[in-house]
Amino acid sequence: MVTTFQIIGHKKSGKTTLTNDFLKFGKAAGYSFSVVKHTHGPVDIPANTDTGKFYQQSDDVLLLNDSQTIHYQRKIAKTASEQITELQKNSPADFLIIEGLKELDYPKITLLKEDEVKSDFADISQILIFASIQKDESNIISLMDTDERKKFIINFLREIQ
């Protein structure tokens, strides 16, 4: 089964930046990834496109083209946890990164913003690492420098696998 971990933090803490760096640096090191992205808002699919028309009238749309597949689903009878478990079983990737969904129980990298402290996340389970892309403090891992972030990512992937 795919090795799964989460990148969590409040809005604008750097979750997407760190996730993208995991994908970029990890792929360069020979790893493959699947990603689950939690979004609070609706997915914007323009209603005047073919995709938008299908999306409005159906419960499930699968988009195929030569270079990618995108699967939009809604009205799903499964919980996020059940869907992730299914992805874990079927993914050919080495790693599954879950961005957000802090209530899930997977190992976590927690990103702190400039004005946050570790205790702000006291009720969250399985936090392995507190880090920040925005500040440099002695009690957290600073990922402000891109080279240091790359080293951190490669070491993290080796250790968690």
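Trainee: So helices are DSSP runs of H or I with at least four residues, and strands are runs of E with at least two. How many helices and strands does the protein chain have?

Mentor: Four helices and eight strands. Keep in mind that this is a predicted model.

Trainee: What pattern do they follow along the sequence?

Mentor: Read along the sequence, the protein chain runs β-α-β-α-β-β-α-β-β-β-β-α.

Trainee: How much of the chain is buried?

Mentor: The protein chain has 161 residues, and buried ones make up 38% of them. Its accessible surface comes to about 9,900 Å². Carbon and sulfur atoms hold 48% of that surface.

Trainee: And contacts? What share comes from residues 24 or more positions apart?

Mentor: Take the contacts with a separation of 6 or more. Residues 24 or more positions apart account for 53% of those.

Trainee: New topic. How many salt bridges are there?

Mentor: The count comes to five. In general, side chains of opposite charge can pair when their charged atoms come close.

Trainee: Give me one. What does Lys37 pair with?

Mentor: Lys37 meets Glu99 in a salt bridge, at 2.8 Å from N to O. Lys37 sits in strand β2 (residues 33–37) and Glu99 in strand β5 (residues 95–99), so the pair ties together parts that are 62 residues apart in sequence.

Trainee: Is Glu99 buried or exposed?

Mentor: Buried. Glu99 has a relative accessible area of 4%, and the cut-off for buried is under 20%.

Trainee: What about Lys24?

Mentor: Lys24 forms a salt bridge with Asp21. Their closest N and O atoms are 3.9 Å apart. Both residues lie in helix α1 (residues 15–28). They are three residues apart, about one turn of the helix. Asp21 is buried, with a relative accessible area of 8%.

Trainee: Which residues are linked with them in a network?

Mentor: Arg149 joins in. Asp21, Lys24 and Arg149 are linked in a network of salt bridges.

Trainee: One more. Which residue does Lys135 meet?

Mentor: Glu137, in a salt bridge of 3.5 Å from N to O. Lys135 is buried, at 8% relative accessible area. Glu137 counts as partly exposed, at 34%.

Trainee: Let's switch to rings. How many aromatic pairs does the structure have?

Mentor: A search of the whole structure finds seven. One of them is Tyr31 with Phe95. Their ring centres are 5.2 Å apart and their planes stand at 75 degrees, so the pair is edge-to-face.

Trainee: Where do Tyr31 and Phe95 lie?

Mentor: Tyr31 lies in the loop between α1 and β2, and Phe95 in strand β5, so the pair ties together parts that are 64 residues apart in sequence. Tyr31 is buried, and so is Phe95.

Trainee: Which residues form the aromatic cluster?

Mentor: Phe5, Phe22, Tyr31, Phe33, Phe95, Phe152 and Phe156 form one cluster.

Trainee: Last stop, Gly9. Where is it?

Mentor: Gly9 is in strand β1 (residues 3–9). Gly9 counts as buried, at 19% relative accessibility.

Trainee: How far is Gly9 from Glu99?

Mentor: They are 90 residues apart in sequence. In space they are 8.9 Å apart, C-alpha to C-alpha.

Trainee: And which residues does Gly9 contact?

Mentor: Leave aside its neighbours within four places in sequence. Then Gly9 is in contact with Lys15, Leu111 and Phe121.

Key:
Residues numbered from 1 in each chain as written. Predicted model: local features only at pLDDT ≥ 70, side-chain atom pairs only at ≥ 80, totals over all residues. Heavy atoms only, no water. Salt bridge = Lys/Arg side-chain N within 4 Å of Asp/Glu carboxyl O. Buried < 20%, exposed > 50% of the residue type's maximum accessible area, 1.4 Å probe, protein only. Phe/Tyr/Trp six-rings, centres within 6.5 Å; stacked < 30°, edge-to-face > 60°. Contact = heavy atoms within 4.5 Å. Areas by Shrake-Rupley, 256 points an atom, 1.4 Å probe, with all protein chains shown as cover.
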